[in-house]
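Trainee: I am new to this structure and would like a close look at one part of it. Please take a single sheet and then follow what can be said around it and elsewhere.

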Amino acid sequence: ESWIAGFDKATGELNWRELRNYEAPTENDNGYSTPVTFNYHGKPALLVWGADHLTAHDAANGKLRWSCGGFNPEQTGYWRHIATPVVVGNIAVVPVGRDDRRQASVHGIRLDGSGDVTATHRAWKRDDTGVFVTTPAVYGGRVYLLRHKGEIVCLDPATGKTVWTGALPEHRAPYYASPLVANGILYAAREDGVVFTARVGEDFELLGENDMGERIIASPVAVQNILLLRGDKHLFCVAK
């Protein structure tokens with residue numbers, strides 16, 4: 001069975017548990033994405049992506065508010081749901097499929113529905129771009145996709161249209177770490193341990209690259225004017 005649960009963070013007691021079972025092709029019911037919090041008609045809610053369905057739940061009791069399917073009409077298998085959707089305003093930007101197989105798409109889903117919103121709340125869909133593992137980054141009201149081999153795509157979340165595209169240097173190593181944007185600088189860690197920086201906003205400007213000397217698949221984190229990078233053997237702290 002698949003389910004989501006809410007716990008009392010002070011005591012560890014289970015507050016609620018809600019079943020979440022959908023029929024899905026092989027491996028599509030494997031869940032790697034993280035629940036996302038958002039505001040649903042003035043109340044805290046959770047967005048959950050997995051088993052080819054996006055669902056919204058009341059954060060207080062886990063009750064289903066709406067569900068959205070239609071992401072995999074061909075019933076393609078082995079599409080693990082790894083990248084987490086991101087919320088910008090009233091739109092959830094949902095990565096679907098596998099960019100490593102050129103089977104990726106991106107969907108924009110409006111968040112204010114109820115019941116089955118599959119046919120009513122899909123604001124846009126892109127079949128010509130997408131990601132595999134990396135969760136998109138949100139900055140300045142725009143969404144940034146880091147594709148499997150290093151292409152950067154800046155999207156308008158309201159329309160799904162491309163604002164611009166850029167590219168990191170070509171290499172055989174892919175990207176598994178999600179991108180980070182902090183103070184207008186995008187950080188992207190390639191699997192072989194090279195970390196790229198690029199200025200983003202109205203356009204794309206590659207600034208530099210740093211080889212950390214070991215594999216990186218964990219996402220960079222910015223906190224208190226420092227950058228944390230976790231490699232296979234070390235935790236790196238980059239600061240002034």
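In which order do the four strands of the open sheet lie, and is the pairing parallel or antiparallel?

Mentor: The model is predicted, so local features are taken only at pLDDT of at least 70 and side-chain atom pairs only at pLDDT 80 or more, while totals for chains, interfaces and linings use all residues. Residues are numbered from 1 along each chain as its sequence is written, and side-chain values use heavy atoms, without hydrogens or water.

The order is S12-S13-S14-S15, and the pairing is antiparallel. Strands here are DSSP runs of E with at least two residues, numbered from the N terminus, and two of them pair if DSSP finds at least two bridges between them. At the edges stand strand S12 (137-139) and strand S15 (162-167), each of which pairs on one side only. From one strand to the next, the twist averages 20 degrees; axes are lines fitted to C-alpha atoms, and angles run from 0 to 180 degrees between N-to-C directions.

Strand S14 (residues 151-155) runs antiparallel to S15 and is joined to S15 by five bridges. Val153 has Thr165 in S15 as its bridge partner, and Leu155 stands opposite Thr162 in S15. S14 and S15 make a hairpin with six residues between them. In the turn of that hairpin, Gly160 has a positive phi of about 80 degrees.

Rings of Phe, Tyr and Trp (its six-membered ring) count as a pair if their centres lie within 6.5 Å; planes under 30 degrees apart are stacked, over 60 edge-to-face, and the rest tilted. By this rule there are four aromatic pairs. Trp164 and Phe204 have ring centres 5.7 Å apart and planes at 45 degrees, so this pair is tilted. Trp164 has a relative accessible area of 9% and is buried (buried is under 20%, exposed over 50%, partly exposed in between, with a 1.4 Å probe and protein chains only). Tyr144 joins Trp164 and Phe204 in a cluster linked by ring pairs. Another of the pairs is Phe38 with Tyr40, whose centres are 6.4 Å apart and whose planes meet at 75 degrees, so it is edge-to-face. Phe38 and Tyr40 are both buried.

A further open sheet has three strands in the order S20-S21-S22, with antiparallel pairing. S20 and strand S22 (235-238) have a single partner strand each, so one side of each has no neighbour in the sheet. The twist from one strand to the next averages 25 degrees. Three bridges join S20 to S21, and Val223 has Ile226 in S21 as its bridge partner.

A pocket is an open set of points on a 1 Å grid over the protein atoms alone, with protein on both sides within 12 Å along at least five of seven lines; a cavity is a set where a 1.4 Å probe fits but cannot get out, and lining residues have an atom within 4 Å of a point. Grid points are joined across faces, edges and corners, and a volume is the space filled by probe spheres set on them. The largest pocket holds about 330 Å³ of space. Its lining includes Tyr187, Val223, Gln224, Asn225, Ile226 and Lys240. Strand S20 (221-223) and strand S21 (226-230) are the elements that give two or more residues to this lining. By class, the lining has eight nonpolar, three polar and one charged residues (nonpolar are Ala, Val, Leu, Ile, Met, Phe, Trp, Tyr, Cys and Pro; charged are Asp, Glu, Lys and Arg; the others, Gly among them, are polar).

The second largest pocket has about 250 Å³. It is lined by 16 residues, and Ser2, Arg20, Asp29, Gly31 and Gly50 are the closest to its centre. Strand S4 (43-50) and strand S1 (3-7) each supply at least two of the lining residues, and the largest share, three residues, comes from S4.

One cavity of 30 Å³ or more is found in the whole structure. The largest cavity holds about 50 Å³, and its lining includes Trp49, Arg80, His81 and Phe132. That lining divides into seven nonpolar, two polar and one charged residues.
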